[in-house]
Amino acid sequence: NPFKSCDELEQIIVDAGNTVFDSRGDCNAIIETNANKLIVGCRNTYIPNSVFSIGRNAFFGCYGLTCITIPNSVTSIESMAFAFCGVNTVIALSTTPPDIFGSTFYSVKEQLIVSCGSKEAYEASDWANYFTFIEEDCDTHNISIDESNINGGNVSASVNSTELGEEVQLTVTPNEGMELVSLVVYNSINPEQTVPVYPLGKASSVYGFLMPPFDVVITAIFGPATTIGENNEALALVYPNPTNGQINIEAENLKHITINNMLGQTIYS
């Protein structure tokens, strides 16, 4: 538990060259790559659907974490993983309750929301020892885009409504000379409750989120795009050049990088 009780920690990034750990999909967590095991999280962590297990003390004392969605890929959660954290709502998407061990949810006595038809399975499992309320969600929830507050681009969703746990894709299109600054998905009734948004693949214009058990509103902020020419060495350093391997880019306040080939095709974003 290297970040035990570090409840204000908002972001965790593992270097792309790390061969042991990763933070795939900007999930704001440390994942043991070979085991697909999440070992450390923070208040803004979302759990990717490629994670098989959550490690001991992974969110211990993370009071800033108020809601967490456990994808159906997770089959086990180790002891004290969510002990003494601020979670008041746990959303479990697997129809089969993941194995839990040794006070996994110690001090979490609030709401567990499960997918449609799986309530009885969770009530008959060890999960029932930790939650005051276990509810299943069989509703379809709506997705709205707050276009009145979006200037400098537009956002579109792959669906207008869907069920709990389904992935919704968002396509972001900035106007010419503009770039995305922030993309937020929030509870239509409680705007302070947000839903984690993650990039899908290497395309900078496509993002995703897992549908929560409530209607959501989507808003975005766009700002003027900042470009740095290759000769502007005072702002950016690119090396080695030329190269047939890894390329390093160093700059202050760097928000976005796009690399094109000589034909203008984007090869990395």
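**View 1. Glu 166 sits in the loop between strand S13 (161–163) and strand S14 (167–174).** Strands here are DSSP runs of E with at least two residues, helices are runs of H or I with at least four, and both are numbered from the N terminus. This is a predicted model, where local features need pLDDT of at least 70 and side-chain atom pairs count only at pLDDT 80 or more, while totals for chains, interfaces and linings use all residues. Residues are numbered from 1 along each chain as its sequence is written, and side-chain values use heavy atoms, with hydrogens and water left out. Glu 166 has a relative accessible area of 42%, so it counts as partly exposed (buried is under 20%, exposed is over 50%, and partly exposed is in between, using a 1.4 Å probe and protein chains only). Leaving aside residues up to four places away in sequence, Glu 166 touches Phe 209, Leu 210 and Met 211; a contact means heavy atoms within 4.5 Å. Glu 166 and Leu 210 are 44 residues apart in sequence, yet their C-alpha atoms are 5.5 Å apart in space.

**View 2. Glu 166 and Leu 210 turn up again at the second largest pocket.** This pocket holds about 370 Å³ of space. Its lining has 22 residues, and the closest to the centre are Asn 72, Leu 93, Gly 165, Glu 166 and Leu 210. By class, the lining splits into 12 nonpolar, five polar and five charged residues. For the classes, Ala, Val, Leu, Ile, Met, Phe, Trp, Tyr, Cys and Pro are nonpolar, Asp, Glu, Lys and Arg are charged, and the others, Gly among them, are polar. On a 1 Å grid over the protein atoms alone, a pocket is an open set of points with protein on both sides within 12 Å along at least five of seven lines, a cavity is a set where a 1.4 Å probe fits but cannot get out, and lining residues have an atom within 4 Å of a point. Grid points are joined across faces, edges and corners, and a volume is the space filled by probe spheres set on the points.

**View 3. Here is the largest cavity, with a volume of about 70 Å³.** The count comes to one cavity of 30 Å³ or more. Fourteen residues line the space, and Phe 3, Lys 4, Gly 41, Ala 58 and Phe 60 lie nearest its centre. The lining is made up of 10 nonpolar, three polar and one charged residues.

**View 4. Cys 116 and Cys 138 are joined by a disulfide, S to S 2.0 Å.** A disulfide is a pair of cysteine sulfur atoms within 2.5 Å, and by that rule the count is one. The pair links distant parts of the chain, 22 residues apart: Cys 116 is in the loop between strand S9 (111–115) and helix H1 (119–123), and Cys 138 is in the loop between strand S10 (133–137) and strand S11 (140–145). The torsion about the S-S bond is about 90°, so this disulfide is right-handed. Cys 116 is partly exposed at 47% relative accessible area, and Cys 138 is partly exposed too, at 41%.

**View 5. Cys 62 is a buried cysteine, with a relative accessible area of 3%.** Cys 67 is in no disulfide either, and its nearest cysteine sulfur, that of Cys 85, is 11 Å away.

**View 6. Asn 44 lies in the loop between S3 and strand S4 (53–54).** At 37% relative accessibility, Asn 44 is partly exposed. Not counting residues up to four places away in sequence, Asn 44 touches Glu 10, Cys 27 and Asn 28. The C-alpha atoms of Asn 44 and Pro 196 are separated by 7.2 Å, although the two are 152 residues apart along the chain.

**View 7. Asp 26 has a positive phi of about 55°, although it is not a glycine.** Asp 26 is in the loop between strand S1 (21–22) and strand S2 (30–32), and it is exposed at 55% relative accessible area. Asn 57, also not a glycine, has a positive phi of about 65°. Asn 57 is buried at 10% relative accessible area.
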